[in-house]
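Here's a quick briefing to read alongside the model on your screen. Take a look around first, then work through the points below.

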Amino acid sequence: MDFFNHIINGLGLGSIYALVALGYTMVYGIVKLINFAHGDIIMVGGYMVYLIMVKWGLPIWLAVPASIVICAFTGMLVERVAYRRLLVHNAARISLLITAMGVSIFLQNAFMLIFGTDPKLMPPLFQAEPFKLGSFELASTTVINIVVSVIMMIGLNLLVNKTKIGKAMIATSEDSSAAKLMGINTNRVISFTFAIGSALAAVAALLYCNTYPQIKPSMGNLLGLKAFVAAVFGGIGSIPGAMLGGYLLGVIESLTKAYVSTTLTDAVVFGILIIILLVKPAGILGKNRKEKV
Amino acid sequence: MGYLKKKTGVYYLINAVLVFLLFFVLLNLINNRIINRTSTQILTLICINIILAVSLNLVTGVLGQLVLGHAGFMLVGAYTSALFTMNIGLDLKIAFPISLVLAGLMAAVFGVIIGIPALRLKGDYLAIITLGFGEIIRVIANNLKITNGAMGLSGIKSLSTTKNPSPMFIYAYALAALTVFLMFTFGRSRHGRAVIAIREDEIAAESMGINTTYYKLFTFVLAAFFAGVAGGVFAHQIGVIDPSKFDFNRSVEILIMVVLGGMGSITGSVISATVLTWLPEQLREFSKYRLLVYSIILILVMLFKPSGLLGRYEISIPKFLDKLFARITKKTAKTKTGGA
Amino acid sequence: MHLLLTKDLSIEFGGLQALKDLHIEINNREIVGLIGPNGAGKTTVFNLLTGVYLPTSGAMRLEGNSIIGKKPFEINRSGIARTFQNIRLFKNMTVADNIKVSMHQNMKYNTFSAMFRLPSYWKEEKKVDIKAREFLEIFGMEDKADQLACNLPYGQQRKLEILRALATKPKILLLDEPAAGMNPTETQELMEVIRRIRDQFNIAILLIEHDMSLVMNICERLYVLDYGHLIAQGTPEEIRTNPQVISAYLGS
């Protein structure tokens, strides 16, 4: 029964990774950029909730949408200020990567200066009784995480496959110059992608704060790194892949913590990244695309 | 061609003389206590950072692959060399140079382990995998017994003493000069051309018979080696090391030295490593804002001058002297004809 | 024995059959043309022959040895060199260095000699420098040796691509639309140079080209592709009158 419990807990944790991985994968799919600043958007989301609920004492129904909107806006702003110029000029990949890194360092240090380096405690956001299935008990946070992440994924799938902007996203990721010729405003599509990815990161931040009620400026580092591993695991560029990778990584982490070592879990996750890149670099659901020559 | 070779030879000679000259001036100032202990430490740190920046420049500037965990290799080298000199029971004068070689080799081994999965593939995997490596190696060092966990290692003996303040500086300076020389000669050889060709167009390079995976890996491992050596010197210079000294922020500091100096410019890396080591020491009260400022600089440089301040340009004193000399002879020739 | 031979060569991209059962044979010192409408799969053939793509099935042999599954650099070293349709020069390297990159595989000194500037380094570098300039003379570009490749005019960039491929000492040279973007005078010069290269270096040349006057003029044999299928082969004269080829081009 313990084993089953670890799996469920892993899925709860994996839900957070999955939501963050979606942002990585969407941005990568559309502009082929590893957006290092994505992990820090989670941090921004966490601090917004802290600011609104703890500092200003406003209710949760205000804090949740506000933090999502602020994160989406931050994501768009980052793209507009830091990446747009490079994307338009078709700059070298390494310039984009360095800029992304710069944005990540900037966000962390700016928040460190504003809020201090010490961790901040968060009140529980959504309180509920543990769910009971016969003799089996599930923490409410785990259930909430899984349910929310599944809803988000279904929503995202509908958005990408059924709406006009979603189709424009697919077109832009397939071939952005062709999409431009077909009258798609690719800049707007890219901007929208950053907004959606960041909004999902904000949702992840809410779940994270609800599960581990503590935030600090550097919280996005490891979380972002793991989510990226999840995205690569599932196949970078693939939306279902990001979800699958996230859940799997969560389960692996939970099992490692339970049966191998609590301190070396992060090293295990990193080991997984190395093994995937060696064995199946395209990931579980990724397509192995050849560069056009 | 013969003329060109002769000229290159003269350039090498002038540079060598200049490097030795600077060395003896600094050494005398240190030994005569005109440069005090703190300043000697800063000078040594400058040399260490030059090794780090110039080696990172090889991967990031010349090969065009982003490395975000250079401090991780430094950590590996620092612990390797410190553990060696602390446990081997040899005289430090003998043990220290051996430990530096070991430090470099150990870092190179780690370079191979993470380089193979990342560099076999086309794309930006090296950036993320080195970022992960830098984080994870610290987690591991924090949890191992041999590294003494978060407490780190203390009591690492330095060659420098109050009586004889210069040995660490001598080592650091000599190694920095050697690294600069080797990076330069590597870059301007058939191997360096292969590496630059990979940066310019990987598919074309491979179609022209370049074993791209080999050269990417070789370059990366070479840089890791030098970072390990730098770590070894660093450990013995400061005497106390713990994992937090090799965190992500240090990797960023090395990266910004490369980016600011010019991606691909060795002299640029040397200059910015010097300035960016010296300046923060003078502006300690602003240390809170240092990374914020660094990040803004990184973004602005990438947006407006992606190749860095010097680009790929190399500052060459012999060339400068050559031009100066040419101008003077021209002038004298002119005055002569004018007079006649 | 044929210099280069493909048999039943096929490749699929995610269900799309880009090339089906391709048979081609190229002999020593032959100049062969590969023609066909846009999207017929001509460049795909080059990508297969140079190891950029892996065929789904079939065989490729160079001098009797299979080259399937070999990496692009291994194939290049065994004797196939190519140019690219959408010029892929090393833009920020000098013209001479572009050629020297190709000579890398035939240079002797090792990393250690390079890093410590041992005599073998100087000797080889000098030799290679002279040779690279000799290559440039083929197109009369020796005065451009120390310029950056990106500063060359378009026609000369195409020429440099040919020289760069030639400098790898191939047995067969694959030219992907060498005359694209050239004016008639340049095309005329290019034709003569292609013949001269064949005679001087004793190599075979396989070229993709849309300029029919060039193709008909210098190719000894032609292969015609349409929708990934080989629809005709023969001398230029035969191809000119082949009804299948005419309908493929006119799109009946």
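**Chain A: the overall picture**

In chain A, 77% of the contacts with a separation of 6 or more are between residues 24 or more positions apart. Keep in mind that this is a predicted model.

**More on chain A**

- Count up the secondary structure of chain A and you get 11 helices and four strands.
- The radius of gyration of chain A is 19 Å, close to the 19 Å that the globule rule gives for 293 residues, so chain A is as compact as a globular protein of that length.
- Picture a box of roughly 60 × 45 × 35 Å along the principal axes: that's what the C-alpha atoms of chain A fill.
- Out of 293 residues in chain A, 51% count as buried.

**Two helices packing in chain A**

- Two packed helices are described by the angle between their axes and the distance between the axes.
- For helix H1 (residues 2-31) and helix H10 (residues 239-259) of chain A, that angle is about 140 degrees, and the axes are 6 Å apart.
- Angles over 145 degrees would count as roughly antiparallel, and H1(A) and H10(A) are therefore oblique to each other.
- The crossing of H1(A) and H10(A) is right-handed.

**Where chain A meets chain B**

- Chain A puts 35 residues into the contact, and chain B puts in 34 residues.
- On the chain A side, the elements giving two or more residues are helix H3 (60-88), helix H4 (93-115), helix H9 (219-234) and helix H11 (265-279).
- H4(A) supplies the largest share of that side, with 14 residues.

**Chain B**

- Chain B has 13 helices and zero strands.
- With a radius of gyration of 21 Å, close to the 20 Å that the globule rule gives for 340 residues, chain B is as compact as a globular protein of that length.
- The C-alpha atoms of chain B fill a box of roughly 85 × 60 × 40 Å along the principal axes.
- Of its 340 residues, chain B has 51% that count as buried.
- Residues 24 or more positions apart make up 81% of the chain B contacts with a separation of 6 or more.

**A sheet in chain C**

- Six strands of chain C form an open sheet in the order S6-S7-S8-S3-S9-S10, with mixed pairing.
- Strand S6 (80-82) and S10 of chain C stand at the edges with a single partner strand each, so one side of each has no neighbour in the sheet.
- On average, neighbouring strands of this sheet are turned by 20 degrees against each other, direction ignored.
- Strand S3 (residues 31-35) of chain C pairs with S9(C) in the parallel sense, over four bridges.
- Look for C:Leu34, which stands opposite C:Tyr223 in S9(C).
- Helix H10 (residues 243-250) of chain C packs on the sheet and touches S9 and S10 of chain C. The direction of this helix makes about 130 degrees with that of S10(C).

- Most residues other than glycine have a negative phi.
- C:Glu177 isn't a glycine, yet has a positive phi of about 50 degrees. You'll find C:Glu177 in the loop between strand S7 (172-176) and helix H7 (184-201) of chain C.
- C:Tyr227 isn't a glycine either, and has a positive phi of about 50 degrees. C:Tyr227 lies in the loop between strand S9 (221-226) and strand S10 (229-234) of chain C.
- Buried or partly exposed? C:Glu177 is partly exposed, with 19 other C-beta atoms within 10 Å, and C:Tyr227 is partly exposed, with 15.

Note on methods:
Residues numbered from 1 in each chain as written. Chains lettered and ligands numbered in written order. Predicted model: local features only at pLDDT ≥ 70, side-chain atom pairs only at ≥ 80, totals over all residues. Rg over C-alpha atoms; globule rule 2.2 N^0.38 Å. Buried ≥ 20, exposed ≤ 12 C-beta atoms within 10 Å, placed from the backbone. Contact = placed C-beta atoms within 7 Å. Pairing = 2+ DSSP bridges. Axes fitted to C-alpha atoms, helices over the stretch in contact; angles between N-to-C directions. Parallel < 35°, antiparallel > 145°, perpendicular 65-115°, else oblique. Left-handed = near helix turned anticlockwise from the far one by under 90°.
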